[in-house]
Amino acid sequence: TLPPDFRCLYVDDDRFLQLTLPPRIFEDLGVPYDIASDGMEAVELIVTQGKEYALILMDNQMPRLGGEAATRALRQHRYPGVIIGMTGDPSGCVERNEFEAAGLDKCVDKDTDGVTQVVNYIRRL
């Protein structure tokens, strides 16, 4: 059972995915969540506004501030929670490798298998 204050942040600039993935991942598990439209908004929510999230699900390729830079910024500000990258970048490509090295706890593909991995990860917490 998740702690009562367990909350997630979904970070992605794709409006369609904002409307489809969080409900599929978080609502089915009864997990409250917020949505940020890019890395800059995510950093502002956590660092500036002091919002607390146990888990962040972060896209990589976004305008203003991408997932790699946002993850680095959050880790530099000592964000203690879990950051899972969810990206369409193929395994082994430079962008994905740099994203994974930025401080992610896990990185999954932005597909059905990736969604399943995230759901299973949250269930194990």
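Which residue in β2 is the bridge partner of Y10? Point 2 gives the reply.

1. **Basis.** This is a predicted model: local features need pLDDT of at least 70, side-chain atom pairs count only at pLDDT 80 or more, and totals for chains, interfaces and linings use all residues. Residues are numbered from 1 along each chain as its sequence is written, and side-chain values use heavy atoms, without hydrogens and water.

2. **Strand pair.** The bridge partner of Y10 is I35, in β2. Strand β1 (residues 8–11) runs parallel to β2, and four bridges join them. Strands pair if DSSP finds at least two bridges between them. Strands (E, at least two residues) and helices (H or I, at least four) are DSSP runs, numbered from the N terminus.

3. **Sheet.** Five strands make an open, parallel sheet, ordered β2-β1-β3-β4-β5. At the edges stand β2 (33–36) and β5 (106–109); each has a single partner strand, so one side of each lacks a neighbour in the sheet.

4. **Helices.** Helix α1 (residues 15–25) packs on the sheet and touches β1, β2, β3 (55–58) and β4 (82–87). Helix α4 (residues 94–101) also packs on the sheet, touching β3, β4 and β5. Contact means heavy atoms within 4.5 Å.

5. **Cysteines.** The structure has zero disulfides (pairs of cysteine sulfur atoms within 2.5 Å). For C8, the nearest cysteine sulfur is that of C107, 17 Å away. The sulfur of C107 has its closest cysteine sulfur in C93, at 9.2 Å, too far for a bond.

6. **Burial.** C8 counts as buried because its relative accessibility is 0%. C107 counts as buried at 16%. Buried means under 20% relative accessible area, exposed over 50%, partly exposed in between (1.4 Å probe, protein chains only).

Note on methods
Axes are lines fitted to C-alpha atoms, for helices over the stretch in contact, and angles run from 0 to 180 degrees between N-to-C directions.
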